Amino acid sequence: MLKIEDLRKSFGGVAATNGITLDFPQGSLSAVIGPNGAGKTTFFNLITGAFPPDAGRILLGGENIAGLSAPEIVRRGIGRAFQIASIFPSLTVRDAVLGAVNAHLHWHAKLARRFPLAEAAAQTDEVIELVNLQARANTLSGNLSHGEQKLLDIALALALDPKVLLLDEPTAGMGSEERWQMIETVYQLWQRKKMTLIFIEHDMDIVFKYAQTIRVLSYGSVLAEGNAEEVRRHPKVIEAYLGAHFETAKS
Ligand SMILES: Nc1ncnc2c1ncn2[C@@H]1O[C@H](COP(=O)(O)OP(=O)(O)O)[C@@H](O)[C@H]1O
Ligand SMILES: [Mg+2]
(Lines give C-alpha, C1' and ligand atoms only; values in the text may rest on other atoms or scores of the structure.)
(Ligands and ions follow the chains in the order given, each with its own letter.)
Protein backbone atom coordinates (compact mmCIF):
# COMPACT_ATOMS: atom_id res chain seq x y z
CA MET A 1 0.00 0.00 0.00
CA LEU A 2 2.71 2.48 1.06
CA LYS A 3 6.11 1.59 -0.35
CA ILE A 4 9.20 3.69 0.20
CA GLU A 5 12.10 3.14 -2.18
CA ASP A 6 15.62 4.47 -1.58
CA LEU A 7 14.36 7.77 -0.16
CA ARG A 8 17.02 10.46 0.33
CA LYS A 9 17.14 13.96 1.72
CA SER A 10 20.12 16.02 2.86
CA PHE A 11 20.21 19.34 4.67
CA GLY A 12 23.51 21.04 3.99
CA GLY A 13 25.98 18.23 4.46
CA VAL A 14 23.70 16.13 6.71
CA ALA A 15 21.97 13.12 5.16
CA ALA A 16 18.80 13.21 7.28
CA THR A 17 17.32 10.44 5.14
CA ASN A 18 20.01 8.27 3.65
CA GLY A 19 18.37 5.70 1.38
CA ILE A 20 15.33 4.38 3.23
CA THR A 21 13.44 1.45 1.72
CA LEU A 22 10.37 0.28 3.64
CA ASP A 23 7.03 -1.35 2.95
CA PHE A 24 3.89 -0.57 4.97
CA PRO A 25 1.13 -3.07 4.15
CA GLN A 26 -2.47 -1.87 4.03
CA GLY A 27 -4.04 -1.76 7.48
CA SER A 28 -0.78 -2.33 9.35
CA LEU A 29 0.23 -0.66 12.60
CA SER A 30 3.94 0.21 12.73
CA ALA A 31 6.24 2.19 14.92
CA VAL A 32 9.28 4.15 13.81
CA ILE A 33 11.90 4.47 16.52
CA GLY A 34 15.47 5.69 16.76
CA PRO A 35 17.66 8.12 18.68
CA ASN A 36 17.16 11.88 18.44
CA GLY A 37 18.30 13.14 15.07
CA ALA A 38 17.91 9.70 13.44
CA GLY A 39 15.68 11.21 10.76
CA LYS A 40 12.26 10.02 11.96
CA THR A 41 10.47 13.35 11.57
CA THR A 42 12.22 14.02 8.25
CA PHE A 43 10.92 10.66 7.03
CA PHE A 44 7.36 11.79 7.82
CA ASN A 45 8.01 15.23 6.30
CA LEU A 46 9.05 13.60 3.02
CA ILE A 47 6.00 11.32 2.93
CA THR A 48 3.61 14.24 3.59
CA GLY A 49 5.31 16.53 1.08
CA ALA A 50 6.52 19.11 3.61
CA PHE A 51 9.57 19.15 1.38
CA PRO A 52 10.52 17.12 -1.71
CA PRO A 53 13.01 14.25 -1.47
CA ASP A 54 16.37 14.56 -3.23
CA ALA A 55 15.84 11.07 -4.63
CA GLY A 56 13.72 7.98 -4.21
CA ARG A 57 10.08 7.01 -4.65
CA ILE A 58 7.05 7.10 -2.38
CA LEU A 59 4.48 4.71 -3.81
CA LEU A 60 0.92 4.98 -2.55
CA GLY A 61 -1.20 2.22 -4.06
CA GLY A 62 1.43 1.91 -6.80
CA GLU A 63 1.53 5.63 -7.69
CA ASN A 64 4.62 7.69 -7.03
CA ILE A 65 3.66 10.69 -4.90
CA ALA A 66 7.20 11.88 -4.20
CA GLY A 67 7.51 15.59 -4.97
CA LEU A 68 3.76 16.30 -5.05
CA SER A 69 2.55 19.27 -2.99
CA ALA A 70 1.46 18.70 0.60
CA PRO A 71 -2.24 19.46 -0.14
CA GLU A 72 -2.20 17.05 -3.08
CA ILE A 73 -0.69 14.34 -0.88
CA VAL A 74 -3.43 14.90 1.73
CA ARG A 75 -6.01 14.50 -1.04
CA ARG A 76 -4.38 11.23 -2.07
CA GLY A 77 -5.07 9.96 1.44
CA ILE A 78 -2.01 10.56 3.60
CA GLY A 79 -2.95 12.28 6.85
CA ARG A 80 -0.86 13.61 9.66
CA ALA A 81 -1.67 15.09 13.05
CA PHE A 82 -0.28 18.61 13.20
CA GLN A 83 -0.26 20.69 16.34
CA ILE A 84 -3.10 22.87 15.15
CA ALA A 85 -5.82 22.40 17.78
CA SER A 86 -4.37 25.29 19.75
CA ILE A 87 -4.56 27.62 16.74
CA PHE A 88 -8.36 27.83 17.03
CA PRO A 89 -8.89 28.30 20.77
CA SER A 90 -12.32 29.90 20.34
CA LEU A 91 -13.81 27.03 18.32
CA THR A 92 -15.52 24.18 20.13
CA VAL A 93 -14.21 20.69 19.49
CA ARG A 94 -17.30 19.94 17.41
CA ASP A 95 -16.97 23.08 15.26
CA ALA A 96 -13.27 22.48 14.67
CA VAL A 97 -13.90 18.90 13.53
CA LEU A 98 -16.96 19.94 11.51
CA GLY A 99 -14.83 22.52 9.70
CA ALA A 100 -12.31 19.87 8.70
CA VAL A 101 -15.02 17.37 7.72
CA ASN A 102 -16.75 20.03 5.59
CA ALA A 103 -13.51 20.97 3.87
CA HIS A 104 -12.96 17.32 3.03
CA LEU A 105 -16.52 16.64 1.87
CA HIS A 106 -16.55 19.83 -0.15
CA TRP A 107 -13.51 18.77 -2.11
CA HIS A 108 -14.96 15.34 -2.82
CA ALA A 109 -18.34 16.87 -3.58
CA LYS A 110 -16.77 18.93 -6.36
CA LEU A 111 -15.58 15.69 -7.91
CA ALA A 112 -18.94 14.00 -7.44
CA ARG A 113 -20.86 17.20 -8.37
CA ARG A 114 -22.94 17.09 -5.22
CA PHE A 115 -22.63 18.54 -1.76
CA PRO A 116 -23.69 16.03 0.88
CA LEU A 117 -24.37 18.40 3.79
CA ALA A 118 -26.21 15.73 5.73
CA GLU A 119 -23.15 13.52 5.94
CA ALA A 120 -21.07 16.16 7.68
CA ALA A 121 -22.76 15.96 11.08
CA ALA A 122 -22.61 12.17 11.20
CA GLN A 123 -18.95 12.09 10.20
CA THR A 124 -18.14 14.77 12.76
CA ASP A 125 -19.73 12.69 15.52
CA GLU A 126 -17.90 9.57 14.37
CA VAL A 127 -14.52 11.30 14.37
CA ILE A 128 -15.09 12.82 17.82
CA GLU A 129 -16.03 9.40 19.12
CA LEU A 130 -12.97 7.78 17.53
CA VAL A 131 -10.70 10.00 19.63
CA ASN A 132 -12.89 9.67 22.70
CA LEU A 133 -13.71 13.37 23.01
CA GLN A 134 -17.53 13.05 23.14
CA ALA A 135 -17.67 14.55 26.62
CA ARG A 136 -15.65 17.54 25.39
CA ALA A 137 -17.51 18.15 22.10
CA ASN A 138 -18.88 21.51 23.26
CA THR A 139 -15.71 22.63 25.01
CA LEU A 140 -13.66 25.43 23.48
CA SER A 141 -10.44 24.04 22.03
CA GLY A 142 -8.45 26.54 24.07
CA ASN A 143 -9.82 25.03 27.29
CA LEU A 144 -8.70 21.46 26.52
CA SER A 145 -5.84 19.81 28.40
CA HIS A 146 -2.58 19.14 26.53
CA GLY A 147 -3.59 15.52 25.95
CA GLU A 148 -7.07 16.47 24.74
CA GLN A 149 -5.58 18.99 22.31
CA LYS A 150 -3.44 16.23 20.86
CA LEU A 151 -6.56 14.07 20.50
CA LEU A 152 -8.23 16.96 18.67
CA ASP A 153 -5.19 17.20 16.39
CA ILE A 154 -5.67 13.53 15.55
CA ALA A 155 -9.41 14.11 15.05
CA LEU A 156 -8.67 16.89 12.54
CA ALA A 157 -6.46 14.47 10.62
CA LEU A 158 -9.14 11.75 10.77
CA ALA A 159 -11.73 14.19 9.43
CA LEU A 160 -9.96 13.96 6.07
CA ASP A 161 -10.53 10.18 6.07
CA PRO A 162 -6.88 9.19 5.52
CA LYS A 163 -5.77 5.82 4.16
CA VAL A 164 -2.44 6.35 5.88
CA LEU A 165 -2.17 8.16 9.21
CA LEU A 166 1.18 9.42 10.51
CA LEU A 167 1.57 10.34 14.18
CA ASP A 168 4.83 11.94 15.29
CA GLU A 169 5.23 11.21 19.01
CA PRO A 170 1.54 11.26 19.98
CA THR A 171 2.43 10.72 23.66
CA ALA A 172 5.12 13.42 23.89
CA GLY A 173 4.89 15.68 26.91
CA MET A 174 2.45 13.44 28.78
CA GLY A 175 2.61 11.77 32.14
CA SER A 176 2.68 7.99 32.32
CA GLU A 177 -1.04 7.40 32.81
CA GLU A 178 -2.13 9.89 30.16
CA ARG A 179 0.40 8.36 27.78
CA TRP A 180 -1.17 4.90 28.04
CA GLN A 181 -4.64 6.38 27.60
CA MET A 182 -3.48 8.17 24.46
CA ILE A 183 -1.90 5.12 22.86
CA GLU A 184 -4.91 2.98 23.79
CA THR A 185 -7.18 5.51 22.04
CA VAL A 186 -4.90 5.46 19.00
CA TYR A 187 -4.95 1.65 19.02
CA GLN A 188 -8.75 1.51 19.27
CA LEU A 189 -9.25 3.92 16.38
CA TRP A 190 -6.82 1.91 14.27
CA GLN A 191 -8.75 -1.28 15.10
CA ARG A 192 -11.99 0.36 14.03
CA LYS A 193 -10.79 2.12 10.88
CA LYS A 194 -7.95 -0.23 9.87
CA MET A 195 -6.07 2.49 8.06
CA THR A 196 -2.33 2.09 7.69
CA LEU A 197 -1.01 3.72 10.85
CA ILE A 198 2.61 4.68 11.47
CA PHE A 199 3.67 6.29 14.72
CA ILE A 200 6.96 7.64 16.02
CA GLU A 201 7.41 6.90 19.71
CA HIS A 202 10.15 7.14 22.32
CA ASP A 203 8.53 5.00 24.99
CA MET A 204 9.77 1.46 24.33
CA ASP A 205 7.13 -0.17 26.55
CA ILE A 206 4.46 1.39 24.35
CA VAL A 207 6.24 0.49 21.12
CA PHE A 208 6.76 -3.14 22.10
CA LYS A 209 3.21 -3.53 23.32
CA TYR A 210 1.33 -1.93 20.42
CA ALA A 211 3.35 -2.01 17.18
CA GLN A 212 2.99 -5.02 14.88
CA THR A 213 6.18 -4.03 13.12
CA ILE A 214 8.96 -1.76 14.33
CA ARG A 215 11.39 0.10 12.05
CA VAL A 216 14.53 1.38 13.71
CA LEU A 217 16.21 4.38 12.11
CA SER A 218 19.74 5.52 12.83
CA TYR A 219 21.64 8.23 10.94
CA GLY A 220 18.92 8.33 8.29
CA SER A 221 19.06 4.60 7.51
CA VAL A 222 17.03 1.56 8.52
CA LEU A 223 19.06 -0.20 11.19
CA ALA A 224 16.58 -2.99 11.81
CA GLU A 225 12.96 -3.98 11.36
CA GLY A 226 10.75 -6.68 12.73
CA ASN A 227 8.33 -7.44 15.51
CA ALA A 228 8.96 -6.54 19.14
CA GLU A 229 10.88 -9.72 19.90
CA GLU A 230 13.11 -9.45 16.81
CA VAL A 231 13.91 -5.80 17.40
CA ARG A 232 14.50 -6.24 21.12
CA ARG A 233 17.10 -8.95 20.42
CA HIS A 234 18.74 -7.27 17.41
CA PRO A 235 22.43 -6.70 18.27
CA LYS A 236 22.64 -3.45 16.28
CA VAL A 237 19.58 -2.10 18.05
CA ILE A 238 20.89 -2.98 21.49
CA GLU A 239 24.17 -1.31 20.62
CA ALA A 240 22.86 1.83 18.93
CA TYR A 241 19.68 2.53 20.77
CA LEU A 242 18.51 0.36 23.61
CA GLY A 243 22.02 0.01 25.02
CA ALA A 244 22.35 3.77 25.25
CA HIS A 245 18.81 4.01 26.56
CA PHE A 246 19.40 1.45 29.31
CA GLU A 247 22.71 3.04 30.21
CA THR A 248 21.03 6.41 30.61
CA ALA A 249 18.36 4.81 32.73
CA LYS A 250 20.98 3.18 34.98
CA SER A 251 23.14 6.27 35.49
N1 LIG B 1 14.28 21.48 7.97
C2 LIG B 1 15.53 21.11 8.32
N3 LIG B 1 16.58 21.89 8.02
C4 LIG B 1 17.84 21.52 8.33
N5 LIG B 1 18.15 20.37 8.97
C6 LIG B 1 17.14 19.56 9.31
C7 LIG B 1 15.77 19.88 9.00
N8 LIG B 1 14.99 18.89 9.46
C9 LIG B 1 15.82 17.99 10.03
N10 LIG B 1 17.10 18.38 9.93
C11 LIG B 1 18.27 17.61 10.41
O12 LIG B 1 18.10 16.27 9.98
C13 LIG B 1 18.50 15.36 11.00
C14 LIG B 1 17.32 14.47 11.37
O15 LIG B 1 16.36 15.24 12.07
P16 LIG B 1 14.90 14.70 12.43
O17 LIG B 1 14.30 14.09 11.23
O18 LIG B 1 14.16 15.80 13.08
O19 LIG B 1 15.26 13.55 13.49
P20 LIG B 1 14.34 12.83 14.60
O21 LIG B 1 12.92 13.18 14.33
O22 LIG B 1 14.65 11.38 14.45
O23 LIG B 1 14.82 13.33 15.93
C24 LIG B 1 19.02 16.20 12.14
O25 LIG B 1 20.41 16.30 12.01
C26 LIG B 1 18.34 17.52 11.92
O27 LIG B 1 19.11 18.57 12.46
MG1 LIG C 1 11.41 14.01 15.54
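This is a short talk on one protein chain and the ligand beside it, taken from a predicted model.

Hi everyone, and thanks for coming. Please keep in mind throughout that we are looking at a prediction.

Let me start with the overall picture. The protein chain holds nine helices and 10 strands. Its C-alpha trace spans about 55 × 40 × 30 Å along the principal axes. For the radius of gyration, a compact globule with 251 residues would come out near 18 Å, and the protein chain has 19 Å, so the two agree. As for burial, 40% of the 251 residues count as buried.

Now to the sheet. Six strands make an open sheet, and reading across it the order is S6-S7-S8-S3-S9-S10, with mixed pairing. At the edges sit strand S6, residues 78-80, and strand S10, residues 221-226, each pairing on one side only. From one strand to the next, the twist averages 20°. As a quick reminder, strands of a sheet pair through backbone hydrogen bonds, either parallel or antiparallel.

I'd like to stay with strand S3 for a moment. Which strands does S3 pair with in the parallel sense? On one hand there is strand S8, residues 196-200, which pairs with S3, residues 29-33, in the parallel sense over four bridges. On the other hand there is strand S9, residues 213-218, and that pairing with S3 is parallel over four bridges too. You can follow this residue by residue. Ser 30 has Ile 198 as its bridge partner in S8. Ala 31 has a bridge partner in S8, namely Phe 199, and another in S9, namely Ile 214.

So is S3 enclosed or open? Five of the five residues of S3 are buried, so the strand is largely enclosed by the rest of the structure. Both of its faces are covered: Leu 29, Ala 31 and Ile 33 are buried on one side, and Ser 30 and Val 32 are buried on the other.

A helix tells a similar story. Helix H5 runs over residues 146-158, and at 1.5 Å a residue its 13 residues should span 18 Å; the end C-alpha atoms are 19 Å apart, which agrees. Of those 13 residues, 10 are buried, so H5 is largely enclosed by the rest of the structure. The buried set includes leucines such as Leu 151, Leu 152, Leu 156 and Leu 158, but also Glu 148, Lys 150 and Asp 153.

Which residues surround ligand 1? They are Phe 11, Val 14, Ala 16, Gly 34, Asn 36, Gly 37, Ala 38, Gly 39, Lys 40, Thr 41 and Thr 42. Strand S2, residues 14-24, and helix H1, residues 40-47, are the elements that give two or more residues to this shell. H1 gives the most, with three residues. By class, the shell has four nonpolar, six polar and one charged residues.

Phe 11 is found in strand S1, residues 2-11. Is Phe 11 buried or exposed? It is exposed, with 10 other C-beta atoms within 10 Å, because the cut-off for exposed is 12 or fewer. Phe 11 and Gln 26 are 15 residues apart in sequence, and their C-alpha atoms are 31 Å apart in space.

That's my tour, and I'm happy to take questions.

Definitions and conventions. Residues numbered from 1 in each chain as written. Chains lettered and ligands numbered in written order. Predicted model: local features only at pLDDT ≥ 70, side-chain atom pairs only at ≥ 80, totals over all residues. Pairing = 2+ DSSP bridges. Axes fitted to C-alpha atoms, helices over the stretch in contact; angles between N-to-C directions. Near = placed C-beta within 6 Å. Nonpolar A, V, L, I, M, F, W, Y, C, P; charged D, E, K, R; others polar. Expected span 1.5 Å × (residues − 1). Buried ≥ 20, exposed ≤ 12 C-beta atoms within 10 Å, placed from the backbone. Rg over C-alpha atoms; globule rule 2.2 N^0.38 Å.
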